[in-house]
Amino acid sequence: MWRHTQLVVLTALSAAIYAAVLIPFKGFPIVPGFIELRPANVFPVVFGLLFGPAGAWGAAIGNLIGDFFGTLSLGSAAGFVGNFFLAYLPYKMWGYYFREDENMEQNVNSGKKLAVYIAVAFLASTVCALIIGWFIALLRLVPFTIGLISIISNNAIMAIVLGPVLLLALYPRVKRWGLLWTEIMEPEEVSASRLRGVGQILVWVGGIGGAVVGLVLSLTGASPMGAGVGLALIPFLVVILIGAFMLGGREQVEAAEKLMESETNETSEV
Amino acid sequence: MDPSLYLDKDTFVHRLDPRTKMFLLLGMFVLAFVFTDPLYLLGVLVVVLLFGYLSSTLANLGRIWFILVAIAIVSIILWSIFGSGETPFFLFVEWEAFIYGVSIALRLDATIIAGMIFLSTTRNEEVAIGLVRLGIPYRFAFAVSTALRLVPTIVATGLTISQAQRSRGLDLDSGNIISRIRKHVPLLVPVFVTTVRSTNVFSMALESKGFGAGSGRTFFLHIALGRRDVLVLAVFALLLAGCIALRVMGYGELEGFSL
């Protein structure tokens, strides 16, 4: 990805947009020092779908820059990783839900695409919340339940309610400018999906399972934070990581190439 | 609103190598996590403020005071409710839980002020070259420093767009916080479009100047770790080691607090 100047620039621009919208809301904390009201959380999922890896790095860097303006702590390391996954998972998972001959453009202009968007946005929000909630609970900064619930709701509400509107408005423009990640990257630059079905299952099980186990440990008072919940959630995080490596994404680039070819043929026929 | 925190001054802290400042920032985070007793954490906060004073950057506290106060108040309330201790203090709140809230507030405020001092004393170019010298790939460091540089531009674009919409009758100031956020959301689209539209021109400008043309890259800005940097790092390492030793010996721990 880093060899494409356009993607390097998109990483910087995504990070700057995310940070610029995050900073004005630093004054509205939900869990002070860690979580604030974040309308900007509509961006990572949209960035991921449109700009692929550049969107994921942009979300991670943008969140770190935003943290310098009111929430910087050791927890910012988890914020970096969590926000990376918030944008990374949607773009990696998207292609799995469509047949090879089906239109898999990263837009929400059909009922099926909207349903896929909601599912991946919810899972990515949960994984992001799990990573950050786990780390700040491990450091004994905030109880796991508070961290998890506030981050999931912040991420998921913004991404699910506002994200589709933003994506519908932006996708045609980004495509016209030739800035979709599927148009910039070559198929051989994107890892081929290895057992992507297994990868999907692992990410879902790791994300939802980790959140449930963490909540049970926290709510029953067995281990609201510290080493207990920290150690218990490590297997789930490992499962998410392994699953994420298996997701691939090449099929989306190949589908975009085919679509572009057919559009070119149609134009030349006309 | 200008989110850039950098203050162009010629102080001892400004002249430190960016890598030294990065290590100090990281060390300050660790230092803030060594103790749980608020008296010791107050000492950590004093060290951070001393750096702020030496770098003449405490003026920037005026820009983030609201966040620092909000963090302090809500941390104390949150931990007073969720924590428990042995000594009754006020209604259902125990003294140790209240004091733990004060500790967390001091810890968070100290790390946030440390971050503010770092950005107030380090230019974007220094951040980029500091990251490269630490072994971070140049293109990643370039993305970080460019993003830092672009944040004020994008905020300014957002303000221009909101003023344009206000002049057409959009009321952004009335209603509760939720409705005000809802009114701001449509402004996100033009902010995004205006910014992302420049990607191709930006990329061509970079490539025309040889961005990524060769693997060996030279820099206009030269940085070097000098005696001053070594001295500051050594003093800070001693301070950190001393604090860790104190903690191991049982000092600086808040007793009686549990969840």
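**Exercise 1. Domains of chain B**

Task: State which domains the assignment gives for chain B, and find what distance separates their centres.

Solution: Start with the bounds, which come from an automatic or database domain assignment. Domain 1 of chain B covers 18-122 + 226-248, and domain 2 covers 129-208. Next, take the centres over C-alpha atoms: 31 Å separate domain 1 of chain B and domain 2 of chain B.

Some ground rules apply. This is a predicted model, where local features need pLDDT of at least 70 and side-chain atom pairs count only at pLDDT 80 or more, while totals for chains, interfaces and linings use all residues. Residues are numbered from 1 along each chain as its sequence is written, and chains are lettered from A and ligands numbered from 1 in the order in which they are written.

**Exercise 2. The largest nonpolar core**

Task: Find how many residues the largest nonpolar core has, and which helix of chain A gives the most to this core.

Solution: First, the term. A nonpolar core is a set of buried Ala, Val, Leu, Ile, Met, Phe, Trp, Tyr and Cys residues joined through C-beta atoms within 7 Å. A residue is buried if 20 or more other C-beta atoms lie within 10 Å of its own, exposed if 12 or fewer, and partly exposed in between; C-beta atoms are placed from the backbone. The largest core has 153 residues. Among those with the most contacts inside it are A16(A), I17(A) and V151(B). Helix α5 (residues 111-138) of chain A gives the most to this core, 17 residues. Helices are DSSP runs (H or I, at least four residues), numbered from the N terminus. At least three core residues also come from each of domain 1 and domain 2 of chain B.

Now zoom in on A16(A). Leaving out residues up to four places away in sequence, A16(A) touches G62(A), A147(B), L150(B), V151(B) and I154(B). Contact here needs C-beta atoms, placed from the backbone, within 7 Å.

**Exercise 3. Where the chains meet**

Task: Find which helix supplies the largest share of the side of chain A that touches chain B.

Solution: Count both sides: 45 residues of chain A are in contact with 50 residues of chain B. On the chain A side, α1 (5-22), α3 and α6 (144-176) each supply at least two residues. The largest share, 14 residues, comes from α1(A).

**Exercise 4. Buried or partly exposed?**

Task: Classify G55(A) and S56(B).

Solution: G55(A) is in helix α3 of chain A. It has 30 C-beta neighbours inside 10 Å, so G55(A) counts as buried. S56(B) lies in the loop between α2 and α3 (61-82) of chain B. It has 17 other C-beta atoms within 10 Å, so S56(B) is partly exposed. One last check concerns the backbone. Most residues other than glycine have a negative phi. S56(B) is not a glycine, yet has a positive phi of about 50 degrees.

Notes: Two residues are in contact if their C-beta atoms, placed from the backbone, lie within 7 Å.
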